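Please open the structure in a viewer and keep the selection tool at hand. The stops below are meant to be visited in order.

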Amino acid sequence: MISVSIVDDEKKLCQSIATFLNSAPGFRCTSIYGNAEAALKHLPGNPPDVVLMDINMAGINGIECVKRLKGLTPQTQILMFTIYEDTEQIFKALAAGATGYLLKRLEPGELLQAIRDVYAGGSPMSNSIARKVVASFQLANSSGQKENLLSSREEQVLDCLAQGLAYKQIGDQLGISINTIRTHLRHIYEKLHVQSRTEAVAKYLRL
């Protein structure tokens, strides 16, 4: 059973998603918070597996809420769930600690799959968001501004992570084991001075 919490000020949308999740096998919506302040106060006491986080809320915005929640509940995976798809918001959210980025226009079945993916270790993104991330990666790569920090294999692993692939998918695509992927990630973290895969992707794309 994957437990999910929703942080969003759209009450009708939250109730609709909660009803949908509770009717889907293997999912349970454990809490809904109408603002970041309430989430920061109550969510750490009963942390879910996954949080769906809106960006534009009164008071503390969703990106700042992600940053604070990751310090309080580091094991909880946070998916941005928003209408915003500009590059700046995407990278701010990933740098804050979000594990994926979804647009609210996605189909219900896609939402369930994204929650499954992030719970299994992936970094799901709506297709248009993944395209922006990959485009930024390619632009940075072609600009010649990247520091020669990483090996070609480490760059391939990061490229796959930027596309939202789970470890098993990366292993299948690159022909390497999950343990080898973890070894590459450990080296990447050391070289880029980061603590998570989302921080690594965000920092690498900006080098």
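**First stop: a residue of the sheet**

Select Leu 52, which is buried, with a relative accessible area of 1% (buried means under 20% relative accessible area, exposed over 50%, partly exposed in between, with a 1.4 Å probe and protein chains only). This is a predicted model, in which local features need pLDDT of at least 70 and side-chain atom pairs count only at pLDDT 80 or more, while totals for chains, interfaces and linings use all residues. Residues are numbered from 1 along each chain as its sequence is written, and side-chain values use heavy atoms, with hydrogens and water left out.

Leu 52 is found in strand S3; helices (H or I, at least four residues) and strands (E, at least two) are DSSP runs numbered from the N terminus. Leaving aside residues up to four places away in sequence, Leu 52 touches Val 4, Ser 5, Ile 6, Val 7, Ile 17, Leu 79, Phe 81 and Leu 111 (contact means heavy atoms within 4.5 Å).

**Second stop: the whole sheet**

Now display the five strands that form an open sheet, in the order S2-S1-S3-S4-S5, with parallel pairing. Two strands pair if DSSP finds at least two bridges between them. Strand S2 (27-33) and strand S5 (100-103) stand at the edges with a single partner strand each, so one side of each is left without a neighbour in the sheet. On average, and with direction ignored, neighbouring strands of this sheet are turned by 25° against each other.

Which way do the residues of S1 point? Ile 2, Val 4 and Ile 6 point one way, Ser 3, Ser 5 and Val 7 the other way, and all are buried. In a regular strand the side chains alternate between the two faces of the sheet.

Select Ser 3, which lies in strand S1 (residues 2-7) and is buried, with a relative accessible area of 9%. A polar atom of the Ser 3 side chain lies 2.9 Å from the backbone nitrogen of Asp 49. Not counting residues up to four places away in sequence, Ser 3 touches Arg 28, Thr 30, Pro 48, Asp 49 and Val 50.

Axes are lines fitted to C-alpha atoms, for helices over the stretch in contact, and angles run from 0 to 180 degrees between N-to-C directions.

Continue to helix H4 (residues 87-96), where Gln 89, Ile 90, Phe 91, Ala 93, Leu 94 and Ala 96 are buried. Gly 97, whose phi is positive, near 125°, follows H4.

**Last stop: two packed helices**

Finally, select helix H7 (residues 152-162) and helix H9 (residues 178-192), which pack at an angle of about 95° with their axes 10 Å apart. That makes H7 roughly perpendicular to H9 (angles under 35 degrees count as roughly parallel, over 145 as roughly antiparallel, 65 to 115 as roughly perpendicular and the rest as oblique). Among the residues making the contact are Val 157 and Leu 161 of H7 and Leu 185 and Ile 188 of H9.

Methods:
Polar contact = N/O pair within 3.5 Å; in protein donor to acceptor, adjacent residues only side chain to side chain.
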